[in-house]
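These questions ask how the terms for a structure follow from their definitions.

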Amino acid sequence: MPVIELSHISKRFGKFVAVNDLSFSVEQGEFFGFIGPNGAGKSTTMNMMLNFIKRNGGEISLLGKSVPQHDLDVKKRIGYVPSDVRFYPQLRVQDLIRYTLDFHHMEGDQAEIDRYCELFQIDRKKKFGDLSLGNKKKVALVCALIHHPELIIMDEPTNGLDPLMHARLFRVLKDKQEQGATIFLSSHNLKEVEDYCSKVAFIRSGQLVGVEDLSQVNKKMKIVTLKGSKLPFDKMKAIGATCIKKEEQEARFLYEGGLAQLFSTLSNLSTDLEDVTVANRDLEEQFMSMYECQEGERL
Ligand SMILES: Nc1ncnc2c1ncn2[C@@H]1O[C@H](COP(=O)(O)OP(=O)(O)OP(=O)(O)O)[C@@H](O)[C@H]1O
């Protein structure tokens, strides 16, 4: 059974449609990335999942329970890191951690609290309002992890973290995943998504563009670059090239077909082809082209 199931969800703000008929699911134990350009609707989607805002249509189920009907039950089993961390500024870090445990009806293991505070180098005596942006984020991370959630939902969790803390966070998340937790990560850092996620959903203008199995991403799609004085743009389209970028003496395109077909087509051309390069596409390249491709163009 999926841990997250979104079925045709939509959200309007006035006349503006922020999320439009969005559906996808996340299975138990997955490390799932959620990416898209600024304003794509990622936070709005997560806010609907967590019942912070009401949706205009569709169904949401988390951990097998409908939201918002089972809101509290579900929230007790979830850890959430918002993109903009806001806790009561006068509270000390140690009290925030204690209140989080109280909400989850947990005593908490002092040794574990100590371990997290040490790992993330958090001064638990400090007032939340006196912390730097990165340190606020680290407190939110500890509060999202301390109660052993089954599902961890994170909106830009590494924004503001230094590289050491970044590495430590992902080590903890990997451990949590190995223990069976499901991780849902919204991020603009495509490298971290590529390094840690097994699947990724890409949204644009509130709509799902696709869900990719990242183990397959690099294998399927190639980036082909041709150099020469007269380049055969029509032929490229005919063999299924997409997102073709033309420059004076160079053409670059995405190609998903067999390399034999590509080279046979190219070798039959009577143009002055000077150079051909075929490269695997990493996630960054893949999604940059999704950002850049025209609506409706095959990706
Ligand atoms: N309360 C609101 N009232 C009106 N419009 C809103 C509101 N909240 C979000 N929006 C709009 O909905 C769209 C989606 O916003 P959202 O914050 O979900 O995007 P995002 O994908 O998380 O973006 P980013 O990567 O920049 O954080 C944006 O155009 C935003 O301006």
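Q: Which residue of β10 is the bridge partner of Arg204?
A: The partner of Arg204 in β10 is Gln207. The model is predicted, so local features need pLDDT of at least 70 and side-chain atom pairs count only at pLDDT 80 or more, while totals for chains, interfaces and linings use all residues. Residues are numbered from 1 along each chain as its sequence is written.

Q: Why do β9 and β10 count as paired?
A: Two strands pair if DSSP finds at least two bridges between them. Strand β9 (residues 199–204) is joined to β10 by 6 bridges, so the two pair. They run antiparallel. Strands here are DSSP runs of E, at least two residues, and helices are runs of H or I, at least four, numbered from the N terminus.

Q: What makes β6 and β10 edge strands?
A: The open sheet has 6 strands in the order β6-β7-β8-β3-β9-β10, with mixed pairing. β6 (78–81) and β10 (207–213) each pair on one side only.

Q: Which residues are around the ligand?
A: A residue is near a molecule if its C-beta atom, placed from the backbone, lies within 6 Å of it. The residues around the ligand include Phe13, Asn38, Lys42 and Thr44. Helix α1 gives the most to this shell, with 3 residues.

Q: How do the residues of the shell around the ligand divide?
A: There are 4 nonpolar, 6 polar and 1 charged. Ala, Val, Leu, Ile, Met, Phe, Trp, Tyr, Cys and Pro count as nonpolar, Asp, Glu, Lys and Arg as charged, and the others, Gly among them, as polar.
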